[in-house]
Amino acid sequence: MGRLDGKVAIVTGAARGIGRAVARRFAEEGAIVFGADVVADELEHEIQRLQERGYRAEAVPTNVASAEEAQALVDRVLAETSKVDILANIAGIIVEKFIEDTAVEEWDRLLAVNLRGPFLLCRAVAPSMKAAGKGAIINVSSRAGVLGFATETAYCASKFGIEGLSRALADELGPHGIAVNSITPGVPTHTSMSEQTYGPEQRKIWRDPEVITPAFVQLALQVPSGIHNQYVNAFELSERLRAEGWR
Ligand SMILES: NC(=O)c1ccc[n+]([C@@H]2O[C@H](COP(=O)([O-])OP(=O)(O)OC[C@H]3O[C@@H](n4cnc5c(N)ncnc54)[C@H](O)[C@@H]3O)[C@@H](O)[C@H]2O)c1
(Lines give C-alpha, C1' and ligand atoms only; values in the text may rest on other atoms or scores of the structure.)
Protein backbone atom coordinates (compact mmCIF):
# COMPACT_ATOMS: atom_id res chain seq x y z
CA MET A 1 0.00 0.00 0.00
CA GLY A 2 1.32 3.44 -0.94
CA ARG A 3 0.78 6.55 1.12
CA LEU A 4 -1.02 8.22 -1.82
CA ASP A 5 -3.03 5.25 -3.10
CA GLY A 6 -5.81 6.40 -5.41
CA LYS A 7 -5.04 10.10 -5.05
CA VAL A 8 -4.94 12.19 -8.21
CA ALA A 9 -1.94 14.50 -8.45
CA ILE A 10 -0.96 17.20 -10.93
CA VAL A 11 2.80 17.76 -10.94
CA THR A 12 4.23 20.58 -13.06
CA GLY A 13 7.83 20.60 -14.20
CA ALA A 14 7.60 16.80 -14.26
CA ALA A 15 10.15 16.28 -17.06
CA ARG A 16 13.26 17.30 -15.13
CA GLY A 17 14.81 17.96 -11.75
CA ILE A 18 12.67 18.30 -8.65
CA GLY A 19 9.37 17.90 -10.54
CA ARG A 20 10.55 14.65 -12.14
CA ALA A 21 11.64 13.26 -8.77
CA VAL A 22 8.32 14.25 -7.15
CA ALA A 23 6.27 12.78 -10.02
CA ARG A 24 8.18 9.50 -9.64
CA ARG A 25 7.76 9.44 -5.88
CA PHE A 26 4.05 10.25 -6.04
CA ALA A 27 3.57 7.42 -8.57
CA GLU A 28 5.58 5.02 -6.39
CA GLU A 29 3.31 5.99 -3.48
CA GLY A 30 0.24 4.95 -5.50
CA ALA A 31 -0.96 8.29 -6.85
CA ILE A 32 -2.38 8.71 -10.34
CA VAL A 33 0.06 11.30 -11.65
CA PHE A 34 -0.62 13.83 -14.38
CA GLY A 35 2.78 15.21 -15.27
CA ALA A 36 2.89 18.58 -17.02
CA ASP A 37 5.86 20.25 -18.68
CA VAL A 38 6.80 22.27 -21.76
CA VAL A 39 9.49 19.85 -22.91
CA ALA A 40 7.02 17.38 -24.36
CA ASP A 41 9.47 14.69 -25.56
CA GLU A 42 11.29 14.45 -22.23
CA LEU A 43 7.99 14.45 -20.38
CA GLU A 44 6.57 11.63 -22.52
CA HIS A 45 9.77 9.64 -22.03
CA GLU A 46 9.66 10.07 -18.26
CA ILE A 47 5.98 9.19 -17.97
CA GLN A 48 6.46 6.18 -20.23
CA ARG A 49 9.16 4.92 -17.87
CA LEU A 50 6.69 5.19 -14.98
CA GLN A 51 4.01 3.35 -16.96
CA GLU A 52 6.50 0.59 -17.80
CA ARG A 53 7.07 0.14 -14.07
CA GLY A 54 3.31 -0.39 -13.69
CA TYR A 55 2.46 3.02 -12.27
CA ARG A 56 -0.52 5.13 -13.27
CA ALA A 57 0.80 8.27 -14.93
CA GLU A 58 -0.05 10.45 -17.90
CA ALA A 59 1.92 13.09 -19.75
CA VAL A 60 0.09 16.34 -20.45
CA PRO A 61 2.42 18.70 -22.35
CA THR A 62 1.53 22.12 -20.95
CA ASN A 63 2.94 25.61 -20.84
CA VAL A 64 1.84 26.59 -17.33
CA ALA A 65 2.05 30.28 -18.22
CA SER A 66 -0.79 29.89 -20.72
CA ALA A 67 -4.27 30.42 -19.23
CA GLU A 68 -5.79 28.16 -21.88
CA GLU A 69 -3.28 25.34 -21.42
CA ALA A 70 -3.41 25.46 -17.62
CA GLN A 71 -7.21 25.26 -17.69
CA ALA A 72 -7.10 22.49 -20.31
CA LEU A 73 -4.77 20.46 -18.08
CA VAL A 74 -7.13 20.63 -15.13
CA ASP A 75 -10.20 20.04 -17.33
CA ARG A 76 -8.57 16.89 -18.71
CA VAL A 77 -7.73 15.56 -15.24
CA LEU A 78 -11.28 16.24 -14.04
CA ALA A 79 -12.77 14.64 -17.16
CA GLU A 80 -10.71 11.48 -16.65
CA THR A 81 -10.80 11.14 -12.85
CA SER A 82 -13.47 13.58 -11.54
CA LYS A 83 -11.09 15.01 -8.95
CA VAL A 84 -7.78 16.65 -8.16
CA ASP A 85 -6.41 15.74 -4.73
CA ILE A 86 -2.95 17.25 -5.05
CA LEU A 87 -1.50 20.13 -7.03
CA ALA A 88 2.29 20.46 -6.94
CA ASN A 89 3.44 23.64 -8.71
CA ILE A 90 7.11 22.87 -9.37
CA ALA A 91 7.84 24.19 -12.90
CA GLY A 92 10.17 27.17 -12.82
CA ILE A 93 12.89 29.08 -14.61
CA ILE A 94 15.63 31.45 -13.51
CA VAL A 95 17.39 34.51 -14.91
CA GLU A 96 20.61 35.66 -13.26
CA LYS A 97 21.44 39.15 -14.49
CA PHE A 98 21.95 42.62 -13.12
CA ILE A 99 18.70 44.54 -13.26
CA GLU A 100 19.89 46.83 -16.05
CA ASP A 101 20.70 43.77 -18.17
CA THR A 102 17.37 42.05 -17.52
CA ALA A 103 15.21 42.47 -20.59
CA VAL A 104 11.56 43.33 -20.03
CA GLU A 105 10.70 40.15 -21.93
CA GLU A 106 12.86 38.08 -19.57
CA TRP A 107 11.13 39.61 -16.53
CA ASP A 108 7.70 38.99 -18.04
CA ARG A 109 8.50 35.40 -19.04
CA LEU A 110 9.96 34.51 -15.65
CA LEU A 111 7.00 35.99 -13.75
CA ALA A 112 4.64 34.23 -16.17
CA VAL A 113 6.16 30.79 -15.58
CA ASN A 114 7.01 31.07 -11.88
CA LEU A 115 4.03 33.04 -10.57
CA ARG A 116 1.24 33.36 -13.13
CA GLY A 117 1.47 29.60 -13.81
CA PRO A 118 0.86 28.61 -10.17
CA PHE A 119 -1.92 31.23 -9.95
CA LEU A 120 -3.60 29.80 -13.06
CA LEU A 121 -3.44 26.23 -11.78
CA CYS A 122 -4.57 27.08 -8.24
CA ARG A 123 -7.45 29.01 -9.77
CA ALA A 124 -8.36 26.07 -11.98
CA VAL A 125 -8.29 23.42 -9.22
CA ALA A 126 -9.96 25.50 -6.48
CA PRO A 127 -13.61 24.90 -7.50
CA SER A 128 -13.33 21.09 -7.55
CA MET A 129 -11.23 20.98 -4.37
CA LYS A 130 -13.76 23.24 -2.61
CA ALA A 131 -16.63 21.05 -3.80
CA ALA A 132 -14.80 17.98 -2.46
CA GLY A 133 -13.97 19.76 0.81
CA LYS A 134 -10.35 18.60 0.61
CA GLY A 135 -7.11 18.91 -1.29
CA ALA A 136 -3.46 19.79 -0.95
CA ILE A 137 -1.60 22.52 -2.82
CA ILE A 138 2.20 22.61 -2.73
CA ASN A 139 3.92 25.62 -4.27
CA VAL A 140 7.66 25.42 -4.78
CA SER A 141 9.39 28.47 -3.43
CA SER A 142 13.06 28.98 -2.60
CA ARG A 143 15.34 30.77 -0.17
CA ALA A 144 14.83 33.45 -2.82
CA GLY A 145 11.22 33.62 -1.57
CA VAL A 146 12.33 35.04 1.77
CA LEU A 147 15.78 36.56 1.07
CA GLY A 148 17.05 38.85 -1.65
CA PHE A 149 19.98 37.81 -3.85
CA ALA A 150 21.92 40.08 -6.22
CA THR A 151 21.30 39.30 -9.91
CA GLU A 152 18.03 37.54 -9.06
CA THR A 153 15.54 40.44 -9.03
CA ALA A 154 13.00 38.70 -11.26
CA TYR A 155 13.48 35.29 -9.63
CA CYS A 156 13.24 36.69 -6.08
CA ALA A 157 10.18 38.75 -7.03
CA SER A 158 8.52 35.60 -8.40
CA LYS A 159 9.30 33.51 -5.31
CA PHE A 160 8.28 36.27 -2.87
CA GLY A 161 5.12 36.29 -4.99
CA ILE A 162 4.75 32.54 -4.43
CA GLU A 163 4.93 33.20 -0.70
CA GLY A 164 2.16 35.80 -0.94
CA LEU A 165 0.05 33.60 -3.18
CA SER A 166 0.46 30.66 -0.80
CA ARG A 167 -0.33 32.62 2.37
CA ALA A 168 -3.42 34.28 0.88
CA LEU A 169 -4.63 31.01 -0.62
CA ALA A 170 -4.11 29.17 2.67
CA ASP A 171 -6.32 31.75 4.38
CA GLU A 172 -8.91 31.47 1.63
CA LEU A 173 -8.97 27.70 1.06
CA GLY A 174 -8.14 26.42 4.56
CA PRO A 175 -11.78 26.80 5.69
CA HIS A 176 -12.71 24.53 2.75
CA GLY A 177 -10.48 21.70 3.95
CA ILE A 178 -7.62 22.46 1.58
CA ALA A 179 -4.03 22.53 2.89
CA VAL A 180 -1.77 25.06 1.16
CA ASN A 181 1.97 25.28 1.74
CA SER A 182 5.09 26.60 0.08
CA ILE A 183 8.28 24.57 0.13
CA THR A 184 11.96 25.29 -0.31
CA PRO A 185 14.40 22.48 -1.17
CA GLY A 186 16.56 23.21 1.89
CA VAL A 187 19.59 21.56 0.31
CA PRO A 188 21.35 22.20 -3.01
CA THR A 189 19.84 19.79 -5.53
CA HIS A 190 21.41 18.69 -8.80
CA THR A 191 18.96 19.73 -11.52
CA SER A 192 19.11 21.37 -14.92
CA MET A 193 18.43 24.73 -13.22
CA SER A 194 21.24 24.34 -10.69
CA GLU A 195 23.61 23.27 -13.48
CA GLN A 196 23.12 26.82 -14.80
CA THR A 197 23.43 28.58 -11.47
CA TYR A 198 25.58 26.71 -8.94
CA GLY A 199 29.27 27.41 -8.38
CA PRO A 200 31.96 24.89 -7.40
CA GLU A 201 31.19 24.93 -3.65
CA GLN A 202 27.51 24.07 -4.10
CA ARG A 203 28.40 21.43 -6.69
CA LYS A 204 30.46 19.62 -4.04
CA ILE A 205 27.38 19.13 -1.85
CA TRP A 206 24.45 19.04 -4.24
CA ARG A 207 22.13 16.09 -3.81
CA ASP A 208 19.82 14.14 -6.05
CA PRO A 209 16.37 15.75 -5.81
CA GLU A 210 15.00 12.38 -4.72
CA VAL A 211 16.24 13.17 -1.17
CA ILE A 212 13.59 15.87 -0.72
CA THR A 213 10.60 13.93 -2.08
CA PRO A 214 9.37 12.58 1.29
CA ALA A 215 8.45 16.16 2.27
CA PHE A 216 6.28 16.50 -0.82
CA VAL A 217 4.45 13.26 0.04
CA GLN A 218 3.90 14.49 3.59
CA LEU A 219 2.51 17.83 2.37
CA ALA A 220 0.28 16.00 -0.11
CA LEU A 221 -1.31 14.19 2.85
CA GLN A 222 -2.07 17.31 4.87
CA VAL A 223 -5.34 18.86 5.96
CA PRO A 224 -5.58 22.42 7.29
CA SER A 225 -5.38 21.24 10.92
CA GLY A 226 -1.97 19.71 10.11
CA ILE A 227 0.89 21.39 8.23
CA HIS A 228 -0.83 24.34 6.62
CA ASN A 229 0.09 27.89 5.63
CA GLN A 230 3.79 27.11 6.20
CA TYR A 231 7.07 27.74 4.38
CA VAL A 232 8.45 24.23 4.66
CA ASN A 233 12.12 23.20 4.43
CA ALA A 234 11.90 20.04 2.29
CA PHE A 235 15.23 18.54 3.33
CA GLU A 236 14.63 19.04 7.06
CA LEU A 237 11.15 17.54 6.87
CA SER A 238 12.42 14.65 4.73
CA GLU A 239 15.20 13.93 7.25
CA ARG A 240 12.61 13.85 10.07
CA LEU A 241 10.47 11.44 8.04
CA ARG A 242 13.50 9.20 7.32
CA ALA A 243 14.19 9.13 11.07
CA GLU A 244 10.62 7.79 11.43
CA GLY A 245 11.36 5.01 8.95
CA TRP A 246 10.34 6.56 5.63
CA ARG A 247 12.72 5.89 2.76
N1 LIG B 1 17.49 23.57 -8.15
C2 LIG B 1 17.53 24.41 -7.13
O3 LIG B 1 18.57 24.59 -6.52
C4 LIG B 1 16.30 25.12 -6.66
C5 LIG B 1 16.39 25.86 -5.48
C6 LIG B 1 15.26 26.49 -5.01
C7 LIG B 1 14.07 26.40 -5.71
N8 LIG B 1 14.02 25.70 -6.87
C9 LIG B 1 12.74 25.66 -7.58
O10 LIG B 1 12.40 24.31 -7.82
C11 LIG B 1 11.59 24.22 -8.99
C12 LIG B 1 12.16 23.16 -9.91
O13 LIG B 1 13.46 23.57 -10.29
P14 LIG B 1 14.57 22.53 -10.78
O15 LIG B 1 15.81 22.91 -10.11
O16 LIG B 1 14.06 21.14 -10.71
O17 LIG B 1 14.69 23.02 -12.30
P18 LIG B 1 14.72 22.20 -13.66
O19 LIG B 1 15.12 23.20 -14.69
O20 LIG B 1 15.51 20.95 -13.54
O21 LIG B 1 13.20 21.80 -13.85
C22 LIG B 1 12.21 22.76 -14.11
C23 LIG B 1 11.16 22.15 -15.04
O24 LIG B 1 10.16 23.15 -15.30
C25 LIG B 1 9.83 23.04 -16.67
N26 LIG B 1 9.25 24.29 -17.19
C27 LIG B 1 9.89 25.45 -17.45
N28 LIG B 1 9.02 26.33 -17.97
C29 LIG B 1 7.81 25.73 -18.01
C30 LIG B 1 6.52 26.14 -18.45
N31 LIG B 1 6.31 27.36 -18.97
N32 LIG B 1 5.49 25.25 -18.34
C33 LIG B 1 5.72 24.02 -17.85
N34 LIG B 1 6.91 23.57 -17.43
C35 LIG B 1 7.94 24.43 -17.52
C36 LIG B 1 11.15 22.71 -17.36
O37 LIG B 1 10.97 22.21 -18.67
C38 LIG B 1 11.74 21.71 -16.39
O39 LIG B 1 11.35 20.39 -16.69
C40 LIG B 1 11.58 25.62 -9.59
O41 LIG B 1 10.37 26.27 -9.24
C42 LIG B 1 12.76 26.30 -8.95
O43 LIG B 1 12.59 27.69 -8.88
C44 LIG B 1 15.12 25.05 -7.36
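Guide: What follows is a set of questions and answers about this structure.

Guide: This is a predicted model, in which local features need pLDDT of at least 70 and side-chain atom pairs count only at pLDDT 80 or more, while totals for chains, interfaces and linings use all residues. Residues are numbered from 1 along each chain as its sequence is written.

Visitor: Which residues come nearest to the ligand?

Guide: A residue is near a molecule if its C-beta atom, placed from the backbone, lies within 6 Å of it. There are 29 residues around the ligand, and those that come nearest are G13, G17, G92, T191 and M193.

Visitor: Which elements give two or more residues to the shell around the ligand?

Guide: Helices (H or I, at least four residues) and strands (E, at least two) are DSSP runs, numbered from the N terminus. With elements named in that way, the ones that give two or more residues to the shell are helix 1 (17–28), strand 2 (32–37) and helix 6 (192–197).

Visitor: How do the residues of the shell around the ligand divide into nonpolar, polar and charged?

Guide: Ala, Val, Leu, Ile, Met, Phe, Trp, Tyr, Cys and Pro count as nonpolar, Asp, Glu, Lys and Arg as charged, and the others, Gly among them, as polar. Sorted by these classes, the shell around the ligand has 15 nonpolar, 12 polar and 2 charged residues.

Visitor: Is S192 buried or exposed?

Guide: S192 lies in helix 6. A residue is buried if 20 or more other C-beta atoms lie within 10 Å of its own, exposed if 12 or fewer, and partly exposed in between, with C-beta atoms placed from the backbone. Because S192 has 12 other C-beta atoms within 10 Å, S192 is exposed.

Visitor: Which residues is S192 in contact with, leaving aside its neighbours within four places in sequence?

Guide: Two residues are in contact if their C-beta atoms, placed from the backbone, lie within 7 Å. Once the neighbours within four places in sequence are left aside, the contacts of S192 are R16 and G17.

Visitor: Why does E29 count as buried, and which residues does E29 touch?

Guide: E29 is found in the loop between helix 1 and strand 2. E29 counts as buried because it has 22 C-beta neighbours inside 10 Å. Not counting residues up to four places away in sequence, E29 touches G2, R3, L4 and V217.

Visitor: Are helix 1 and helix 8 parallel or oblique to each other?

Guide: Axes are lines fitted to C-alpha atoms, for helices over the stretch in contact, and angles run from 0 to 180 degrees between N-to-C directions. The axes of helix 1 and helix 8 (residues 213–220) come within 9 Å and cross at roughly 60 degrees. Angles under 35 degrees count as roughly parallel, over 145 as roughly antiparallel, 65 to 115 as roughly perpendicular and the rest as oblique. Helix 1 is therefore, in its relation to helix 8, oblique.

Visitor: Which residues make the contact of helix 1 with helix 8?

Guide: From helix 1 the contact takes A21, V22 and R25, and from helix 8 it takes T213, F216 and V217. By class, this contact has 4 nonpolar, 1 polar and 1 charged residues. The residues on the helix 8 side, to end on them, are T213, F216 and V217.

Visitor: How many residues of helix 8 are buried?

Guide: P214, which is found in helix 8, is buried, with 23 other C-beta atoms within 10 Å. The buried residues of helix 8 also include T213, A215 and F216. Helix 8 is mostly covered, and the number of its 8 residues that are buried is 8.

Visitor: At roughly what angle do the axes of helix 8 and helix 9 cross?

Guide: The contact is made by P214, A215 and Q218 of helix 8 and A234, L237, S238, L241 and R242 of helix 9. Helix 8 and helix 9 are roughly perpendicular to each other. Their axes come within 7 Å, with helix 9 spanning residues 234–243, and cross at roughly 85 degrees.

Visitor: What is the phi of S82, and where is S82 placed?

Guide: S82 is a residue other than glycine, yet its phi is positive, near 70 degrees. The place of S82 is in the loop between helix 3 (67–81) and strand 4 (86–89).
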